Amino acid sequence: MPELNINELTVNFVHVPVLSRELIAGLFVVAGGHYLDATVGGGGHSMLILQAAPDVRITAIDQDEVAIAATSARLAEVEPSFADRVQFWRGNFADYQPQGMQFDGIIADLGVNSYQLDTPTRGFSFRHSAPLDMRMNLQQSLSAADIINTWDEVELADIFFHYGEERLSRRIARRIVQQRPFETTTQLADVIASCYPPKSRYGRIHPATRVFQALRIAVNQELTALETFLSRAPQWLKLGGRIGVISFHSLEDRRVKQSFKSDSDLQVLTKKPIQAQALEIADNPRSRSAKLRLAERITI
């Protein structure tokens, strides 16, 4: 990977935190508290937690070294003391071990960071022609190109259907196998679109959206990692500590809801998920699909 330009990153790696007011209120940040941001990204939510009460400390996790470098620089730039109050851990939140620490609150924003989406070379989007990558952790070997070009037709159809809820999963998988290998995001998107009737190719949602979601989930094993995290995180909370998870599609939200409801150590604080209001959606369209669920640890 090329050397990181920190000045450029702090300008471009901008994180507009979704449902920030609702999350901070629900987290009930206390002075001197210790909080875990399990998906720090560009640091938007961590910044708000640090500003919510005096002497707050944060442990921040991300598997993207670019996110950690940019967020570390930005926090120190905004307030020099923040640099001493945030400890970073690089890796997948499913692999994190708190080593006996307990937190006053835990947050996880499951969305893909805007920087990753908007950086063509990361291959998350079909808006630009880019290598088929989609790795959040650039050190891992499996990429979207590996899946598209080597997995068999049944495996492809299964991930498109189960992870993308794509109704034309079998047709798309068959067409991909017939026309591979693929090198770029736009090549793949065009073939996916060709599987749809002409009148369905130009709607509000691009025909490739669901398949690209499915590929991203498969490359990064997102749902498996989420299930592991949800099974462990409540034990990392202090009594009365709260956990808030922001999800962006039904596969994630369903798992968060079921995990919170089934955990006897937790009291669910959100019977229905909190969603963005019209003003926030107008300012940040990506907040449209965000859902926040909160729970509190009630037993030791």
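**Close-ups of a predicted model**

**View 1. R122, tucked into a loop.** R122 sits in the loop that runs between α6 (114-118) and α7. Keep in mind that this is a predicted model. R122 counts as buried, at 5% relative accessibility. A polar atom of the R122 side chain lies 3.5 Å from the backbone oxygen of M136.

View 2. Buried or exposed: which is T185? T185 is buried, with a relative accessible area of 0%. Setting aside neighbours within four places in sequence, T185 is in contact with G123, S125, F126, H128, S129, A130, P131, L132 and F212. With H128 there's a polar pair to look for: a polar atom of the T185 side chain lies 2.7 Å from the backbone oxygen of H128. For a sense of scale, the C-alpha atoms of T185 and A145 are 9.2 Å apart in space, while the two residues are 40 residues apart in sequence.

**View 3. The largest nonpolar core.** The largest nonpolar core has 31 residues. Those with the most contacts inside this core are I148, F160, I172, I176, L188 and L215. Which helices each supply at least two residues of the core? They are α7 (144-150), α8, α9, α10 (185-194) and α11 (209-220). Helix α11 gives the largest share, 6 residues. Zoom in on L215 and, not counting residues up to four places away in sequence, you'll find that L215 touches M134, I147, I148, I159, F160 and L188. There's also a second, separate core of 25 residues, with L23, V29, Y35 and A276 among its members.

**View 4. An aromatic cluster around W236.** W89, F93, Y96, F229 and W236 form one aromatic cluster. The count for aromatic pairs comes to 5. Take Y96 and W236: this pair is edge-to-face, at 5.5 Å centre to centre with 85° between the planes. Y96 belongs to the loop between β3 (86-90) and β4 (103-109), and W236 to the loop between α12 (222-232) and β5 (237-247), so the pair ties together parts that are 140 residues apart in sequence. Both Y96 and W236 are buried. Then there's F229 with W236: the ring centres are 6.1 Å apart and the planes sit at 65°, so this pair is edge-to-face too. F229 is buried, and so is W236.

**View 5. R174 and E153, a salt bridge between helices.** R174 and E153 form a salt bridge, with the closest N and O atoms 3.7 Å apart. The pair links distant parts of the chain: R174 is in helix α9 (residues 169-179) and E153 in helix α8 (residues 153-164), 21 residues apart. How accessible is each partner? R174 is partly exposed at 39% relative accessibility, and E153 is partly exposed at 31%.

View 6. The side chains of E22 and R21 meet at 3.2 Å, N to O. E22 is buried, with a relative accessible area of 14%, whereas R21 is exposed, with 61%. In the other bridge, the closest N and O atoms of E222 and R216 are 2.7 Å apart. E222 counts as buried at 11% relative accessibility, and R216 is buried as well, with a relative accessible area of 13%. Why does 13% put R216 among the buried residues? Because buried means under 20% relative accessible area.

**View 7. The two domains side by side.** The domain assignment gives domain 1 (20-109 + 223-297) and domain 2 (136-220). What distance separates the centres of domain 1 and domain 2, taken over C-alpha atoms? The answer is 30 Å. Where the two domains touch, the contact takes 11 residues from domain 1 and 10 residues from domain 2.

Definitions and conventions
Residues are numbered from 1 along each chain as its sequence is written. This is a predicted model: local features need pLDDT of at least 70, side-chain atom pairs count only at pLDDT 80 or more; totals for chains, interfaces and linings use all residues. Side-chain values use heavy atoms; hydrogens and water are left out. A salt bridge is a side-chain nitrogen of Lys or Arg within 4 Å of a carboxyl oxygen of Asp or Glu. Buried means under 20% relative accessible area, exposed over 50%, partly exposed in between (1.4 Å probe, protein chains only). Helices (H or I, at least four residues) and strands (E, at least two) are DSSP runs, numbered from the N terminus. A nonpolar core is a set of buried Ala, Val, Leu, Ile, Met, Phe, Trp, Tyr and Cys residues joined through side-chain atoms within 4.5 Å. Contact means heavy atoms within 4.5 Å. A polar contact is a pair of N or O atoms within 3.5 Å; within protein, one must be able to donate a hydrogen and the other to accept it, and residues adjacent in sequence count only if both atoms are side-chain atoms. Rings of Phe, Tyr and Trp (its six-membered ring) pair if their centres lie within 6.5 Å; planes under 30 degrees apart count as stacked, over 60 as edge-to-face and the rest as tilted. Domain bounds come from an automatic or database domain assignment.
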